[in-house]
Amino acid sequence: MAKPTFIGIGAQKCASTWIYDILADHPDVILSEKKEVDYFSYHYDHGRQWYESSFAANNRSFIAAGEISPSYFHEPAVPERILAQYPDAKILVALRDPVKRAISNHKHEIRVGHLSGDDLSLEFGLANNSTYIDQGLYAKHLQRWFEVFPREQILVLLFEDIIGDKQVAAKQIFNFLGIAENHSPAALNSQSNPSYVNKFRGLESFRRSLRQTMSKLGLDSVWTFLQKAGLQKLYASLNKKPSESVIPPTSEVTKQQLALAFREDIEKLEKMLNRDLSAWKASATNAGQNV
């Protein structure tokens, strides 16, 4: 077991999977086997030993150990819980245009089966799930973290900066964690979490179960080989279809309403981060970009 030296806190649908993936093959890093441990949010009653068992060092030397759970960002109790157990932990945060985040959140809820039926419009999703808005109120949630942890222990990345230059963003993360900057991650230019809908949910459940079983048996290399050999493309052709094929286009009116709902919080965030976020405030353009 190892103690975490860094913790990624989201926000949800803001490139946290990409961050996990570029750290996964770094020789100086130990990651939790499961990306989202959710200890400080949903499993705090499991205890510290259970949590630290997520980081299997296996006598391997390392500089940094950690995990990434987007649920941490918006759960009010989490900052104090982390401080109590790991006061020196470095905190990784990634944020994106909140309108685009809400749309991506909606696609995710449909993909994992939390939302189904004849009406899969964003408008229905917003009426069904208030967290589409709440999770995009970044200043509101980030303020709690800044009140608990020193600023130098928190790295805030913007999704747009990652998209603009992934190599620079990766080096920024590596430097923040104190690990070798010259590492070239295999997943650097990958699309880590593309938007799609499963045609057959049972088949997807079987795939995930098989993947977890192979990982527990130490057969990750076999799984990687099969993916590169064409199994991943075959599976995608059998069971995946673009989310746009079932989700109606988001109206410009809805995008403008969302932009208005986020505007005040964005202005607060600009002051907190000393960043110009005018592009976010004017957001009403396409939101189909993914990492």
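Predicted model: local features only at pLDDT ≥ 70, side-chain atom pairs only at ≥ 80, totals over all residues.
Local features need pLDDT of at least 70 and side-chain atom pairs count only at pLDDT 80 or more, while totals for chains, interfaces and linings use all residues. Residues are numbered from 1 along each chain as its sequence is written, and side-chain values use heavy atoms, leaving out hydrogens and water.

The protein comes to 14 helices and seven strands (DSSP runs, H or I of at least four residues for helices and E of at least two for strands, numbered from the N terminus). Of its 291 residues, 50% are buried, meaning under 20% relative accessible area with a 1.4 Å probe, protein chains only.

Now for the inside. The largest nonpolar core has 74 residues; such a core is a set of buried Ala, Val, Leu, Ile, Met, Phe, Trp, Tyr and Cys residues joined through side-chain atoms within 4.5 Å. Trp18, Leu23, Trp145 and Ile173 have the most contacts inside it. Helix 13 (residues 252-273) gives this core its largest share, seven residues. Leaving aside residues up to four places away in sequence, Ile173 touches Trp18, Ile19, Ile22, Leu23, Leu92, Leu155 and Leu157 (contact means heavy atoms within 4.5 Å).

Helix 13 also pairs with helix 8 (residues 138-148): their axes come within 8 Å and cross at roughly 35°. Axes are lines fitted to C-alpha atoms over the stretch in contact, with angles from 0 to 180 degrees between N-to-C directions. The residues that make the contact are these:

| Helix | Contact residues |
|---|---|
| Helix 8 | Tyr138, Ala139, Lys140, Leu142, Gln143, Phe146 |
| Helix 13 | Asp265, Lys268, Leu269, Met272, Leu273 |
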